[in-house]
Amino acid sequence: MKGSTDFDIVVVGGGIVGLASAYKIVLSHADVRVAVLEKEGRLATHQTGHNSGVIHSGLYYEPGSNKAKTCAEGRKELIAFAKKHRIPYEICGKIIVATHEKELANLEEILQNALDNDIEGIEEIGQDEIEATEPFCRGIAGIRVPCTGIIDFTRVAAKLGELIEAKGDGNKVLTSHEVTRFDKHDFYTKVVTNHGAFATKYIINCAGLQSDRVARMDGFEPKVKIVPFRGDYYELTETAKEKVKGLIYPVSDPAFPFLGVHFTRMIDGSVQCGPNAVFSFKREGYGRTDFSLKDSWDALSYGGTWKMFFRHFRYGLGEYSRAFSKKLFLRRLQRLIPSLQAEDIKPCKTGVRAQAVGPDGELIDDFRIERRVNSIHVLNAPSPAATASLAIGDHIDQMATQYFNLPISQKPDVKRSSVSKSRKRKSAKTSKLED
Ligand SMILES: Cc1cc2nc3c(=O)[nH]c(=O)nc-3n(C[C@H](O)[C@H](O)[C@H](O)COP(=O)(O)OP(=O)(O)OC[C@H]3O[C@@H](n4cnc5c(N)ncnc54)[C@H](O)[C@@H]3O)c2cc1C
């Protein structure tokens, strides 16, 4: 697509969703010039670089929902991608463990959902099998999910960036380029950044925690607002690490939207426990007391945020107390591993989730991607979007092909994306956000 613009498509955001989308577009459209503009000095600085590193199976989502399908497809594609590009990963499996009888009904529901989603190899396990799998874990019943894995998503993002540029001279992945404004003209848009401006025909907004603001730059008022939720992690010390072999999750309560703190053996061999989920006063604030007036005003002047607070008041309070008390955090961890002691855990990283909240206070569960005349906006891509990123990329490529009228080059392996296939299905009920 030669023309008078610098690029045909500018993707805002060098997280895994923006990069996977750009990658899928350059794979299928050899003549399309794509730029990824990332405001930070390196790719994957925010959610993609602060997550649990879990390749999710997709077991919690409503069968047929976009999340369920893109997660399953994306997981398989991600593993093939990692194999091909020699990115370390491990399919270590996970167990979900009930520690109290009152959790058994929820465990059963999760199992049924997993079976409905055709998650490979799922099985119910009892106390003996829990202890055989994780000798320090105590529970009365559980589910084994053998296809769950671990990977470093920053390495995936870096490889995607490399491949995008390698695909054609016209493609660029530019870090330290913060998009500050779009100047609309008849046949192109000038994307203004802190390091100059670029003319482009189309825009794809994958700005994660800033996605609603970038949408507004495009003259579009999204019906949802990004509300940041911080998640703190602790790490097991070198001596305590032996207490966890793989991934151990609690049974989540269906009344609450987050999964609860869990144990994750990371691909680098460390074991992290978390994340909790607390409202953050700063969108990109990784410290417990970080504050931004602009971000706080944005969130707290929105009625949806207050409705959400009221809806999840008790849960939120519990999470807050655990955020400020190591003792309470530890107590939660001890439900799964009773022998864990305070000296076994030390604070480590923090992540901030970009969670879209609707005007009635509902946490928007499914991925939300909307189209304007010359732009596509990813307005909600919470977990498991890192796992699902390559399948989300397929979907965005299809939207771009269709709505931007992109010329299709030879494209033997184009798949129908799950998002478009299930677009007309009824929206999924609130399911879990896998962290
Ligand atoms: C604590 C936590 C744990 C998680 N665990 C998992 C997990 O184990 N498995 C899983 O699959 N998913 C997990 N997720 C979810 C997953 O990390 C996200 O869904 C995914 O990374 C979203 O990718 P993204 O590209 O949309 O956002 P991001 O990675 O946040 O990228 C958006 C990018 O846009 C850039 N940007 C913003 N505004 C501008 C601008 N104006 N100009 C230029 N650039 C801009 C930002 O700097 C950022 O780099 C977790 C998330 C969190 C927070």
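## Getting to know the fold, ring by ring

Sitting four residues apart in helix H9 (residues 313-324), Tyr320 and Phe324 are about one helical turn away from each other. Helices here are DSSP runs of H or I with at least four residues, strands are E runs of at least two, and both are numbered from the N terminus.

Before going on, a word on what you're looking at: this is a predicted model, in which local features need pLDDT of at least 70, side-chain atom pairs count only at pLDDT 80 or more, and totals for chains, interfaces and linings use all residues. Residues are numbered from 1 along each chain as its sequence is written, and side-chain values use heavy atoms, leaving out hydrogens and water.

**The overall picture**

The chain is built from 12 helices and 20 strands. Its radius of gyration, 21 Å, is close to the 22 Å that the globule rule gives for 435 residues, so the chain is as compact as a globular protein of that length. (That radius is taken over C-alpha atoms, and the rule is 2.2 Å times the number of residues to the power 0.38.) Laid along its principal axes, the C-alpha trace spans about 65 × 50 × 40 Å.

Of the 435 residues, 59% count as buried; that label means under 20% relative accessible area, with exposed over 50% and partly exposed in between (1.4 Å probe, protein chains only). How far along the sequence do contacts reach? Taking contacts between residues at least 6 apart in sequence, 75% join residues at least 24 apart. A contact means heavy atoms within 4.5 Å.

**Rings and their partners**

Searching the whole structure turns up nine aromatic pairs. Rings of Phe, Tyr and Trp (its six-membered ring) pair when their centres lie within 6.5 Å; planes under 30 degrees apart are stacked, over 60 edge-to-face, and the rest tilted. One of these pairs is Tyr23 with Phe81, an edge-to-face arrangement at 5.8 Å centre to centre with 80° between the planes. This pair ties together distant parts of the chain, since Tyr23 is in helix H1 (residues 16-28) and Phe81 is in helix H2 (residues 66-84), 58 residues apart.

Two rings have a charged residue over the face. Lys349 lies over Tyr233, at 4.6 Å from the ring centre, while Arg371 lies over Tyr403, at 3.6 Å. To qualify, NZ of Lys or CZ of Arg must be within 6 Å of the ring centre and within 35 degrees of the ring normal.

**What packs inside**

Which residues make the most contacts inside the largest nonpolar core? They are Ile9, Leu160 and Ile204, in a core of 45 residues. Strand E1 (7-12), H1, strand E2 (34-37), H2, helix H5 (153-166), strand E12 (196-205), strand E20 (375-380) and helix H11 (385-403) each supply at least two of its residues. A core of this kind is a set of buried Ala, Val, Leu, Ile, Met, Phe, Trp, Tyr and Cys residues joined through side-chain atoms within 4.5 Å.

Setting aside residues up to four places away in sequence, Ile204 touches Ile9, Val10, Val11, Val12, Ile25, Ile376, Ile396 and Phe404. Apart from this core lies another, of 23 residues, including Leu59, Tyr60, Cys71 and Ile122.

**A look at Thr5**

Thr5 is in the segment before E1. Its side chain reaches the backbone oxygen of Phe7 at 2.9 Å. Neighbours within four places in sequence aside, Thr5 is in contact with Arg33, Tyr188, Ala199, Thr200 and Lys201.

The one from Gly274 to Pro275 is cis, with omega near -10°, and Pro275 is in the loop between strand E16 (271-274) and strand E17 (278-279). Ser383 to Pro384 is also cis, with omega near 15°; Pro384 is in the loop between E20 and H11.

Ala44 isn't a glycine, yet its phi is positive at about 60°. You'll find Ala44 in the loop between E2 and strand E3 (54-55). Asn405, another non-glycine, has a positive phi near 55° and belongs to the loop between H11 and helix H12 (418-421).

Here's how accessible some of these residues are:

| Residue | Relative accessibility | Class |
|---|---|---|
| Tyr23 | 11% | buried |
| Phe81 | 6% | buried |
| Tyr320 | 27% | partly exposed |
| Thr5 | 7% | buried |
| Ala44 | 2% | buried |
| Asn405 | 65% | exposed |

Terms used
A polar contact is a pair of N or O atoms within 3.5 Å; within protein, one must be able to donate a hydrogen and the other to accept it, and residues adjacent in sequence count only if both atoms are side-chain atoms.
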